[in-house]
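Reader: Before we turn to the details, could you set out the model and then take me through it one feature at a time?

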Amino acid sequence: MKRVISFKLNGEDVEAYVQDNITMVDFLRKQMHLTGTKRGCEEGECGACTILLDGGAVDSCLMLAVEADGHEVVTIEGVQKDGVLHPLQKEFMDKWALQCGFCTPGMIMSALSLLHENPHPTEQQIRDGIAGNLCRCTGYAKIVEAIDAAAKVLAKEVGA
Amino acid sequence: MALPKFDYVRAASLGEASSLAKEKAATSILMAGGTDVILQIRDGACGQVDTVIDVKGIPGLDQLEYREGEGLIIGAQTKLFAIQTSPLVQEELPALAAAAHYVASSQVRRKGTLVGNICNASPSADTAPILLAMDAVVETYRADGGREIPIGEFFKGVKKTALDKAQGEIVTAVKIPALKSGEGAAYLKHSVRKAMDLAIIGVAAWIRMDGDIVEDVRIAMGGVGTTPLRAKEAEALLKGQRIAEELFERAGVAASKECRPISDVRASAEYRTDMIRVYTGRAIRKALETLKA
């Protein structure tokens with residue numbers, strides 16, 4: 001079956017006509033042409049397809065598009081504001097927290113969710129927060145550093 | 001990748017979900033978080049599915065509360081992430097928060113539920129051993145009223161539960177008795193990776209002490225049989241005894257003789273058996289560390 005769903009996508013109200021059996025990652029990429037969300041393992045192991053659903057990071061390959069009805073979704077395309085990169089995005093660049101970049105959108109969505117729930121994470125909590133995101137290039141050290149640095153930038157912004 | 005064709009129904013009530021599940025007993029599947037169900041549909045692991053019944057729209061299934069005299073109530077929609085991070089669970093039963101945290105990744109736990117974890121009935125499900133050790137009760141709904149199933153009777157085999165599909169039976173909640181004074185509980189998982197990995201084995205222990213005498217104890221093992229198992233010989237050996245290092249070691253040996261593991265990609269049956277010996281002792285010690293005052 002096909003049905004109309006309405007939800008908030010990257011801050012905008014969206015209505016879409018979706019097939020019941022399409023996963024969220026396929027819907028985002030094929031129907032909404034938002035290809036920042038990556039298709040990796042397609043079974044919830046690698047985290048490349050991570051998006052925010054009502055503010056929390058979930059795997060969009062383990063979600064049906066119809067489940068988004070009435071909810072709020074943010075993809076990597078919705079992280080920058082008016083052309084200005086989010087501190088996480090800046091720190092990933094400055095700290096060289098990526099090489100091939102395939103895992104990066106998912107990493108940033110997981111980190112965003114983590115910092116939203118826990119603005120001052122320890123290194124252990126950062127590692128736990130990205131445990132569902134695989135990176136085969138960096139060895140994770142730079143990613144952890146970038147998230148830690150972004151947390152400090154965000155804390156200053158809140159304090160300022 | 002495309003999933004096979006099916007109709008998605010977001011049930012608005014237990015009655016609607018149950019009657020549809022009954023009508024389509026052979027071709028429907030119930031879904032809460034969907035983190036296991038979506039993959040099973042894709043792989044055909046749950047047979048030919050033409051109807052997916054989502055229970056997320058049913059009111060009143062998102063409990064995460066403590067009722068005096070009854071214990072913790074975990075609803076069918078309650079996410080593993082909510083259990084892991086709940087101050088209430090961390091206070092009343094930290095071993096359950098730990099078990100929830102052991103499941104997969106935070107992305108999966110933000111969508112997946114504890115009830116889904118047990119309905120999936122994997123022998124290595126991380127939340128099963130602690131529920132067995134705590135003697136939890138599974139509450140269900142069906143047209144004729146529903147029932148309470150002791151968790152010890154819930155698991156019937158690999159991916160098989162006591163739920164009556166022909167009656168459209170649905171799990172609504174799990175009730176977990178709270179720890180009383182002098183009681184403690186723990187769940188320990190052995191896996192290669194700390195996250196995102198299935199358990200090689202897992203052991204949960206619940207213990208009630210009278211001074212330094214073991215008044216009562218329950219030990220449950222995951223990943224070593226077609227269902228999560230109780231280690232009843234080990235329990236019998238511990239009951240009424242004074243705690244001592246040597247006693248824990250003997251209990252570990254007894255538990256290792258009761259488990260029935262297979263060899264697979266994660267570990268050999270021999271290794272699993274020996275790890276049950278080691279982790280049984282560790283789980284008892286950890287439970288003793290968490291005794292409620």
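Predicted model: local features only at pLDDT ≥ 70, side-chain atom pairs only at ≥ 80, totals over all residues.

Author: Residues are numbered from 1 along each chain as its sequence is written, chains are lettered from A and ligands numbered from 1 in the order in which they are written, and side-chain values use heavy atoms, with hydrogens and water left out.

Reader: Which residues does Met1(A) touch, not counting residues up to four places away in sequence?

Author: Met1(A) has a relative accessible area of 47% and is therefore partly exposed, given that buried means under 20% relative accessible area, exposed over 50%, and partly exposed in between (1.4 Å probe, protein chains only). Contact means heavy atoms within 4.5 Å. With residues up to four places away in sequence set aside, the residues that Met1(A) touches are Val18(A), Gln19(A), Asp20(A), Phe6(B) and Asp7(B).

Reader: Is Ala104(B) buried or exposed?

Author: Ala104(B), which is not a glycine, has a positive phi of about 40°, and its place is in the loop between helix H5 (94-102) and helix H6 (106-111) of chain B. Because its relative accessibility is 16%, Ala104(B) counts as buried.

Reader: Which helices of chain A do the buried residues of H5(A) pack against?

Author: H5(A) has 19 residues and reaches 27 Å from its first C-alpha to its last, close to the 27 Å expected at 1.5 Å a residue, the expected span being 1.5 Å times one less than the number of residues. Its buried residues include Ile143(A), Ala146(A), Ile147(A) and Ala150(A). An α-helix has 3.6 residues a turn, so residues three or four places apart point the same way. The buried residues of H5(A) pack against H2, helix H3 (104-117) and helix H4 (123-129) of chain A.

Reader: How many nonpolar, polar and charged residues are in the contact of H2(A) with H5(A)?

Author: The axes of helix H2 (residues 87-94) and helix H5 (residues 141-159) of chain A come within 8 Å and cross at roughly 140°, where axes are lines fitted to C-alpha atoms, for helices over the stretch in contact, and angles run from 0 to 180 degrees between N-to-C directions. H2(A) is therefore oblique to H5(A), since angles under 35 degrees count as roughly parallel, over 145 as roughly antiparallel, 65 to 115 as roughly perpendicular and the rest as oblique. Pro87(A), Leu88(A), Glu91(A) and Phe92(A) of H2(A) meet residues of H5(A) that include Ile143(A), Ala150(A) and Glu157(A). With Ala, Val, Leu, Ile, Met, Phe, Trp, Tyr, Cys and Pro counted as nonpolar, Asp, Glu, Lys and Arg as charged, and the others, Gly among them, as polar, the contact of H2(A) with H5(A) has ten nonpolar, no polar and two charged residues.

Reader: By class, how many residues has the contact of H2(A) with H3(A)?

Author: The axes of H2(A) and H3(A) are 10 Å apart and the helices pack at an angle of about 130°, which means that H2(A) is oblique to H3(A). Leu88(A), Gln89(A) and Phe92(A) of H2(A) make this contact with Thr104(A), Met107(A), Ile108(A), Ala111(A), Leu112(A) and Leu115(A) of H3(A). By class, the contact of H2(A) with H3(A) has seven nonpolar, two polar and no charged residues.

Reader: How far apart are the end C-alpha atoms of helix H11 of chain B?

Author: Helix H11 (residues 269-289) of chain B has 21 residues, so at 1.5 Å a residue it should span 30 Å. In agreement with that, its end C-alpha atoms are apart by 30 Å.

Methods
Helix = DSSP H or I, 4+ residues; strand = E, 2+ residues; numbered from the N terminus.
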